[in-house]
Amino acid sequence: TGGAQGFGEGIARELANEGAAVVVADMNVEGAKAVAASIQANGGVSLAVGVNVTIDEQIRDMVYRTAVAFGGLDAMISNAGIARAGGLEEISLDNFELMTKINYTAYFLCTKYASRIMKITGKYAPEKMADIIQINSKSGLEGSNKNFGYAGSKFGGIGLTMAEEVQAA
């Protein structure tokens, strides 16, 4: 997710350079199409998917569309993220909730839907490996000044990952 620019674009391009078939997912559909076309022009396999990661059904559809297009899902990289700086008294509830939706809830939903596909693959092809990755931040480990909303959303992602690892063990 967040593959039309920044870290997400770089990740998509590097994965394609390594031979991966890549879905460039972003709410910036034109940007996603441009990145996917560029990957294809360089001999890679890529698909652009428009997705607003704050909408459950769009994440579900993105994951299922990926599985249908490529016959499975080997890796999900939840990269979309935003930061809105501000102290406790300064930040609005709308900005706090938006960061939570994009940085934490979207990761939960990506994990929820991607793991369904990955579990089915593992049942019928146990030799195949799969990973779910969240692009996080140092703020998710130690917090940062005037950035509590962002830090909280990133702490949540780390907690979700750790809890899922315990459940899988």
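I take helices as DSSP runs of H or I with at least four residues and strands as runs of E with at least two, numbered from the N terminus. The model I opened is predicted: local features need pLDDT of at least 70, side-chain atom pairs count only at pLDDT 80 or more, and totals for chains, interfaces and linings use all residues. Residues are numbered from 1 along each chain as its sequence is written, and side-chain values use heavy atoms, with hydrogens and water left out.

**Entry 1: the whole chain**

I read the elements from the N terminus on as α-β-α-β-α-β-α-β-α-α. The radius of gyration is 16 Å, close to the 15 Å of the globule rule for 169 residues, so the protein chain is as compact as a globular protein of that length. That radius is taken over C-alpha atoms, and the rule is 2.2 Å times the number of residues to the power 0.38. I boxed the C-alpha atoms along the principal axes and got roughly 50 × 40 × 25 Å.

I looked up burial next. Buried means under 20% relative accessible area, exposed over 50%, partly exposed in between (1.4 Å probe, protein chains only). Buried residues make up 39% of the 169.

**Entry 2: the cores**

A nonpolar core here is a set of buried Ala, Val, Leu, Ile, Met, Phe, Trp, Tyr and Cys residues joined through side-chain atoms within 4.5 Å. The largest has 23 residues, and Val 51, Ile 59 and Met 62 are among those touching the most other members. Which helix gives the largest share of this core? I found that H4 does, with nine residues. Apart from this core lies another, of ten residues, including Ala 12 and Val 35.

Contact means heavy atoms within 4.5 Å. Beyond its neighbours within four places in sequence, Val 51 contacts Ala 25, Asp 26, Met 27, Gln 58, Ile 59 and Met 62.

**Entry 3: Tyr 113**

I found Tyr 113 in helix H4. Is Tyr 113 buried or exposed? Tyr 113 counts as buried because its relative accessibility is 5%. Its contacts beyond four places in sequence are Asp 56, Ile 59, Arg 60, Val 63 and Tyr 64. Asp 56 is 57 residues away in sequence, yet the two C-alpha atoms are 9.6 Å apart.

**Entry 4: Leu 88**

I then turned to Leu 88, in the loop between strand S3 (75–78) and helix H4 (93–124). Leu 88 counts as exposed because its relative accessibility is 64%.
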